[in-house]
Amino acid sequence: MSIANTVYDAFVEELRTGKRQPGERIRAEDIAKTFQVSRTPVREALSRLQERGLLEMTPTGLSVTRLDRTAVLELYAVRELLEGAAASFAAQHASPSDLFTMRQIADAFASLEDDPKRAAQLNRAFHDSIYEAAHNKFLLNILDGMHDTLMLLPSTTFAVEGRQDVAVEEHKEILDAIEARDPAGADRLARAHIRKARDTRLGMMFQL
């Protein structure tokens, strides 16, 4: 793996874990010192991150992208389409082992109490299990890219009181439709689930 790839992957992991925050100024020289490498591979990695939309140029320099209300709406509009498609494909193609995995994760999510961070992890695992059950490698690649952008969203919607309880029921309905081999129903329910998450996210980030 090249040095640029190593820096790129490490930076993405810092975004994923919240070490880097939206709006944070990014300086190539600081990154180079951290990794004890020259600025050339760092600039290459930062250029790739900018192309992916994870970094943006601001009047003060390169920064971690900060999503405004319009960007959040656009992101969730795409997510709604992709999640619906994944659930629809899963209803058509999920194997017995796929269904077993989805059910186990959904049950673990439902039994969790007062742990938003863990709830977010299990929620991601549940959605990942649907993507895998869709058995469509091209859709999976697109979803992976979308989740890179989702890392720019602060905190988790499960920090909002009552959101997890609602999501438990939504997960159950989606999974029931997948198990019933109902692609249209799975698509509709998955889209509704994302719209609820969008509304919660907007309420967290912006004053209405």
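Is Glu-83 buried or exposed, and at what relative accessibility? In this predicted model, Glu-83 counts as buried, because its relative accessibility is 3% and buried means under 20%.

## Glu-83 and its neighbours

Glu-83 lies in helix α4. Leaving aside residues up to four places away in sequence, Glu-83 touches His-127, Tyr-131, Met-146, His-147, Ala-190 and Ile-194.

## Where α4 meets α7

Two of those contacts, Met-146 and His-147, belong to helix α7. This helix spans residues 137-150. The axes of α4 and α7 come within 11 Å. They cross at roughly 145 degrees, and the crossing is left-handed.

From α4, the residues that meet α7 are Leu-75, Arg-79, Leu-82, Glu-83, Ala-85, Ala-86 and Phe-89. From α7, the residues are Leu-139, Ile-142, Leu-143, Met-146, His-147, Thr-149 and Leu-150.

## The nonpolar cores

In soluble globular proteins, nonpolar side chains tend to be buried together. Here the largest nonpolar core holds 52 residues. Phe-11, Leu-46, Leu-49, Leu-55, Met-102, Ile-130 and Ile-178 touch the most other members. Helix α4, residues 69-93, gives the most to this core, with 8 residues. A second, separate core has 6 residues, including Phe-109, Leu-112, Ala-119 and Leu-122.

Leu-49 shows what such contacts look like. Beyond residues up to four places away in sequence, Leu-49 touches Tyr-8, Phe-11, Val-12, Leu-54 and Leu-55.

Helix α2 covers residues 28-35. Its buried residues are Ala-28, Ile-31 and Ala-32. These three sit on the same side of α2, because they cover an arc of only 100 degrees around the axis. An α-helix has 3.6 residues a turn, so residues three or four places apart point the same way.

Just after α2 comes Gln-36, with a positive phi of about 55 degrees.

## A hairpin

Strand β1 takes in residues 55-58, and strand β2 takes in residues 61-64. The strands pair in the antiparallel sense over 4 bridges. Thr-58 has Gly-61 in β2 as its bridge partner. Together β1 and β2 form a hairpin, with 2 residues between them.

Key
Residues are numbered from 1 along each chain as its sequence is written. This is a predicted model: local features need pLDDT of at least 70, side-chain atom pairs count only at pLDDT 80 or more; totals for chains, interfaces and linings use all residues. Side-chain values use heavy atoms; hydrogens and water are left out. Two strands pair if DSSP finds at least two bridges between them. Buried means under 20% relative accessible area, exposed over 50%, partly exposed in between (1.4 Å probe, protein chains only). The arc is that of the directions from the helix axis to the C-beta atoms. A nonpolar core is a set of buried Ala, Val, Leu, Ile, Met, Phe, Trp, Tyr and Cys residues joined through side-chain atoms within 4.5 Å. Contact means heavy atoms within 4.5 Å. Axes are lines fitted to C-alpha atoms, for helices over the stretch in contact, and angles run from 0 to 180 degrees between N-to-C directions. A crossing is left-handed if the near helix is turned anticlockwise from the far one by less than a right angle, and right-handed if clockwise.
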